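Thanks for coming. I will go through one structure, starting with its pockets and then moving to a strand and a loop residue.

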Amino acid sequence: MPLTLWTLRHAAMMLALLPVAVAAQNFPVKPVRMVVGQAPGGATDVVARLVAPKFGEQLGQTVVVENRTGAAGSIGATFVARSPADGYNLLVVSSSYAINPGLYKDLPFDPVKDLVPVTLIAEAPFLLVVHPSMPVRSVKELVTMAKARPGTLNFASGGNGSSGQLAGELFKNLAGVDIVHVPYKGAGPALIDVIAGQVHMTFSSVLSTLGHVKNGRLRALGVTSTRRSAAAPDLSTIAEAGVKDYSRTTWYGLLAPAGTPAAVIEKLVGDMQKAVESPEIRNHLLRDGAEPVAGTSKQFQAFLAAEMSRAREIIQRAKVQP
């Protein structure tokens, strides 16, 4: 049977794809890097460093966590988006990743086209916490003080357009109070300054905050989820405390460069699920107030699209500016 031009081209294409297929089948053969676009000490960093060792055990390779901070997480995201699509450079994101497309018109990468969702890792509420010197012990007392002193209280966040800011802006809107936003270069530095008494309060993930509440460095007034946290069952939700319809949580997930082979994505999904569902990691997350939620790539993709839509609504309603 004579070889046609189409046959030759098809054969050449298959040969070109062969090294990719072999590499995907043998993945991983070297250490894997998980990039965090937020500062060390923040909740995203805490989650990444918690799951990395167990994730590495499942992969059979060392998993290294690297912080590349700045530009609301865009520096780290851009680095991973421009990395080879081979599964060795991954991005750990929080809910701020879904916020940025509705906030910035000139992102250096396309959040939908340049990165592919791998899997969710966990979901957790924020805690509304104040410095212990604040003369308030409940959400109701805080709202009363804020209404009596408009524009004099402030709250810290990980930056303009961060998840913490949106949690605070939603609170201001629904509670009808005027509290000044103080942006930081990461949730970790923001939390440190609230602990130091430089800022009155913050909305910070339970993962990075609960320990400071337990040792008395911060006072928790409420939890931002629709139901109470198992890690702090005596702490009422903000909605329970009188701010009707208030609900805001944060989540953490894993992404890879677009074009990463399906076999590699499948391997990453399966091994992250095993890591998150291991008794060691699962119990740690639950104890700290988070819920393990590792799922499939398609589930994460649908979830991410819904989160981006919701974030745009809050940004427009609160008139959040970058």
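The largest pocket has a lining of 39 residues, and those nearest its centre are Q38, G158, S162, G186 and A187. This is a predicted model, where local features need pLDDT of at least 70, side-chain atom pairs count only at pLDDT 80 or more, and totals for chains, interfaces and linings use all residues. Residues are numbered from 1 along each chain as its sequence is written, and side-chain values use heavy atoms, with hydrogens and water left out.

A word on the term: on a 1 Å grid over the protein atoms alone, a pocket is an open set of points where a 1.4 Å probe fits, with protein on both sides within 12 Å along at least five of seven lines, and lining residues have an atom within 4 Å of a point.

The space in the largest pocket comes to about 550 Å³, a volume being the space filled by probe spheres set on the points. By type, its lining has 12 nonpolar, 25 polar and 2 charged residues. Here Ala, Val, Leu, Ile, Met, Phe, Trp, Tyr, Cys and Pro are nonpolar, Asp, Glu, Lys and Arg are charged, and the others, Gly among them, are polar. Strand β7 gives the largest share of that lining, 4 residues. Helices (H or I, at least four residues) and strands (E, at least two) are DSSP runs, numbered from the N terminus.

Now the second largest pocket, at about 380 Å³. Its lining has 20 residues, with E123, P125, S225, R227 and E291 nearest the centre. They split into 7 nonpolar, 6 polar and 7 charged.

Next, strand β3, residues 89–94. Is this strand buried or exposed? 6 of its 6 residues are buried, so β3 is largely enclosed by the rest of the structure. Buried means under 20% relative accessible area, with a 1.4 Å probe and protein chains only. N89, L91 and V93 point one way, while L90, V92 and S94 point the other.

Strands pair if DSSP finds at least two bridges between them. β1 runs parallel to β3, joined by 4 bridges, and V36 has V92 as its bridge partner. With β9 the pairing is antiparallel, also over 4 bridges, and there V93 is partnered by G253.

Last, T237, in the loop between β8 and β9. T237 counts as buried because its relative accessibility is 2%. Beyond its neighbours within four places in sequence, T237 contacts V223, S225, T226, R227 and R228, contact meaning heavy atoms within 4.5 Å.

Note on methods: Buried means under 20% relative accessible area, exposed over 50%, partly exposed in between (1.4 Å probe, protein chains only).
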